[in-house]
Amino acid sequence: MDIFNIIIQTLDSTLRLSVPLLLACLAGLYSERSGIFDIGLEGKMLVGAFAGAAAASVFHSAFIGLGMAILISISFAMIHGFASITHRGNQIVSGVAINFIAAGSTVILGQAWFQQGGRTPALAEGERFSPITLPGADAVKDIPVLGHLYSELLSGHSLIAYIAFAMVPITWWVLYRTRFGLRLRAVGENPAAVDTAGISVTWLRYRALLCTGVLTGLAGAYLSMTQNGGFVKDMTAGKGYIALAALIFAKWKPVNAMFACLLFGFLDALAIRLQGTPLPIIGKVPVQFMQALPYILTVVLLAGFIGKAIPPRAGGVPYVKER
Amino acid sequence: MSTPYAKLPAWADYGLIPLINLAVAFIVAGFVVLLVGENPLRAAAILVEGAFGRGQGIAFTLYYATTFIFTGLSVAVAVHCGLFNIGTEGQAYIAGLGVAVVCLTFDATLPWWLTFPLATLAAAAMGALWALLPAYLQAKRGSHIVITTIMFNFIAASIMVYLLVGMLKPPGSMAPQTRIFLEGAQLPKLNWVIELFGARVRSAPLNISFLLALLMAFLTWVLIWRTRLGYEIRTYGHSPKAARYAGISETRIIIITMMISGALGGMMALNPTMGDQHNVAIDFVSGAGFVGIAVALMGRSHPVGIVLAAILFGMLYQGGAELAFEMPAISRDMIVIIQGLVILFAGALEHMFRPSIQALFASFSPKSVGMAATKGKGA
C-alpha cells in the first residue's frame, strides 16, 4: 500500500475516533461554561450508548434508539443538576456517583433484559446508523488527491459524525452570538451579576445541562450504534475523561475543542496503527505510552508549560442566592 | 457569605442524616432489584446472610473492608484539607509496583515479618510519590487537583500495564502478572481470630494487613485531631484564607496532606497482593480507590465512621458475591449501583433532607437547632 493511502486511512480513523470525544467535549463545554463541573460525562455517554442500542434493537429503528439515548442521557444530566444546582451538592461527588450508577445499571439491566452477559443484541442494518455517501463522492473518486480525499476521508461517515462536526460552529454561534450564550458564559464567571440582572441562575444552568445531556446522548449513540453494532459493557472506556482532558486542552473554547479532539483521536488512531511496528529513529513505541499521551499532554498543559488553562471562574461553586 | 444550612444537634448531624441518606440509597437500589424482576427483601436477606451468616463470610467481609479502610482514609485525609483526591485508585495501583519490587527481591531470603514492613514502606512511598506531582501542581500552578489526579489514574494504569506485560512478567508466561511470591512475602492469615469465636473458616484471605488498616485508622485520628499538623490541615480545609493569615504555608500543607493521602492509598496494595493472590496482577485495585470515596463520604471523614463504612462495603462485596450466585439476574455490578447511589445520596445530595429534618427538630424543640424559644414570652 502506498504512503498516501496509509495517511488517508489513519486520518479517516482519526475522524471516526474523535467523533464521540468531540460530542462529549462540547457537552462538557456547555455545562462547565455555565459553572457546573461535570466529570459525569463518561457515565452519561455510557447510559446513552446503552439506551440507544437497547431501544434500537427492541423497536427496530435507529432513530427511536437515538431519541432514547438522548432522553436517558438528559435524565442523568438532570440528576446532576438536581444534586448540584438545586441542592448545592458537591459537583465532583455527583459526577462520580453518576459514573458509578451508569456503569452498574447498564450491565444489570442489560443482563436482565437481553441475557447476553450485559450486551445488547447485535444491531441489524436499519437499527444502526450506516455510513452516508456524500453527493458526488463516487463521481470524483478517481480524481487524484482531492477526489480521493473527498470520497475516502470526508464521505462515508454516519449521520451522527456529521452532526458532531456541525455542532462546532453551532456551539460557537450559540456561545458568542446569542443572548443565551452570553448569559451562559456570564453565569459561569459571575453568577451573582447574572442574578442581579434578574435572570435565574438556576434555570440557566439547567438549560446548560440540557444541552450537555443531548450531546452526551449523541456521543453514546455514536459508540453503540455506529462504531459498534450494539452495546458492550464499559464501552466508553475512559472516553469521557479524555473528553474532559480535551476540554481543558481547548481552554473551554468550541473550535479549539475540535482540534483537541482531533489531536487525541489522531493519537488513538496512531496507537492502533503503530501497534508493534517500530518507528524510524525512536524505535518501538509502547502502545501504553500512546494511550497515556492525551493524559500526559493535559497534565503538562495544566502545569502551565503550554499556555495557561483558566477554567470558568465560578466553576464548581454552588450558587447561594443572598437572603 | 450567608451560611446556607442551619445547625442540627451533633447526633442528628453525624448519625441520623447519614442513616437516612443510606436508607434512601438502599431503597432506590431496591427499586433496581425490582426492575430486574427479583424480590429486593429476599436479595437483602441473602446479602446479609452471605456476609455475616458464617465465619467464612465474616472473614471475607473483613478482607474487603481492609482494602476500603485504606482507600477511605486516603480520601478522607485529603477531604479534611479541602482537597478531593480522586486519584487514590492510581496511587494504589502504582504502589503495587513498590510491593512487587520488594517482594520479588526479598521473598526468598527474608521472613514475612521483615518483608511486610519493607513492602509497606515501598507501597506508601510509591503512593505518596504519585500524589506529589498533582499536589505540587495544585499548590504552585493552581491546576485543579481533581483533573490532575484523574489524569494520573490513567497514566498509572498505562505504566502498570506496560510493566506487567513486560518487565514484571516472568519469561514464558502469558498472563500479565508477576510470578507467585514465595513464603517470605505471604502475609499470615487472621482467620484463627474468627475461629476463636467458634465460627469455622475454611479458607479466606483475611490477613494481617487488617490490623495495619486499623492502626492506620487510629494514627489518622491522632494526626487529624491531636497534632499541630492536623490542626493546620483542618484549618486550611475550612478556610484557606484563614490559614494564610495564620501563617500556614499553603504549598507545604497541600503537598504534605496529599502525600499522606497517597501513602494511605498506596498501602491498600498490600492486602490483595501479599495477603491474597501472592502476586501483583493487572487491575488488582479494581475500583477500590473509588469505593474509598463512598466510604469517606459515608464515614463523614472520621476514622471510626470510615472503619464502619468500610465494613458495610465489605459486606456489600462479600454478600454481593453470594447474591450473584443465588440470583443470576443480579451480578456483582449491583454493588456498583449501590456504591453510586450511596455516593449520590450521602455525598452530593447530603443536604436534601436537611431542611425538612431541621424543620422537624425546630417544631419539637427549637433549642436543639440553636433558636431562642420565642413562644414562651407571650404565655
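This note goes through the fold, the aromatic pairs and some backbone angles of a predicted model.

1. Ground rules. The model is predicted, so local features need pLDDT of at least 70 and side-chain atom pairs count only at pLDDT 80 or more, while totals for chains, interfaces and linings use all residues. Residues are numbered from 1 along each chain as its sequence is written, chains are lettered from A and ligands numbered from 1 in the order in which they are written, and side-chain values use heavy atoms, with hydrogens and water left out.

2. Fold of chain A. Chain A has twelve helices and zero strands. Helices (H or I, at least four residues) and strands (E, at least two) are DSSP runs, numbered from the N terminus. The radius of gyration of chain A is 20 Å, close to the 20 Å from the globule rule for 323 residues, so the chain is as compact as a globular protein of that length. That radius is taken over C-alpha atoms, and the rule is 2.2 Å times the number of residues to the power 0.38. The C-alpha trace spans about 70 × 50 × 40 Å along its principal axes.

3. Of the 323 residues, 56% are buried. Buried means under 20% relative accessible area, exposed over 50%, and partly exposed in between (1.4 Å probe, protein chains only). Take contacts (heavy atoms within 4.5 Å). Among those between residues at least 6 apart in sequence, 78% join residues at least 24 apart.

4. Helix α10 of chain A. This helix covers residues 239–249 and is mostly covered: ten of its eleven residues are buried. Among them are K239(A), Y241(A) and L247(A). Just after the helix, K251(A) takes a positive phi of about 55°.

5. The aromatic pair between chains. The whole structure holds 16 aromatic pairs over all chains. Rings of Phe, Tyr and Trp (its six-membered ring) pair if their centres lie within 6.5 Å; planes under 30 degrees apart count as stacked, over 60 as edge-to-face and the rest as tilted. Y295(A) and F154(B) have ring centres 4.3 Å apart and planes at 5°, so they are stacked. This pair crosses between chains, from helix α12 (residues 287–302) of chain A to helix α6 (residues 145–164) of chain B. Buried or exposed: which is Y295(A)? Y295(A) counts as buried, at 5% relative accessibility. F154(B) is partly exposed, with a relative accessible area of 21%.

6. Aromatic residues in chain B. The rings of F60(B) and Y64(B) have centres 6.3 Å apart and planes at 35°, so this pair is tilted. Both residues lie in helix α3 (residues 55–80) of chain B, four residues apart, about one turn of the helix. Y64(B) is buried, with a relative accessible area of 17%. Ring pairs link F60(B), Y63(B), Y64(B), F68(B) and Y317(B) into a cluster.

7. Positive phi in loops of chain A. Most residues other than glycine have a negative phi. Q115(A) has a positive phi, near 50°. Q115(A) sits in the loop between α4 (91–114) and α5 (146–154), and is exposed, with a relative accessible area of 57%. D234(A) also has a positive phi, near 55°. D234(A) is in the loop between α9 (201–227) and α10, and counts as partly exposed at 40% relative accessibility.
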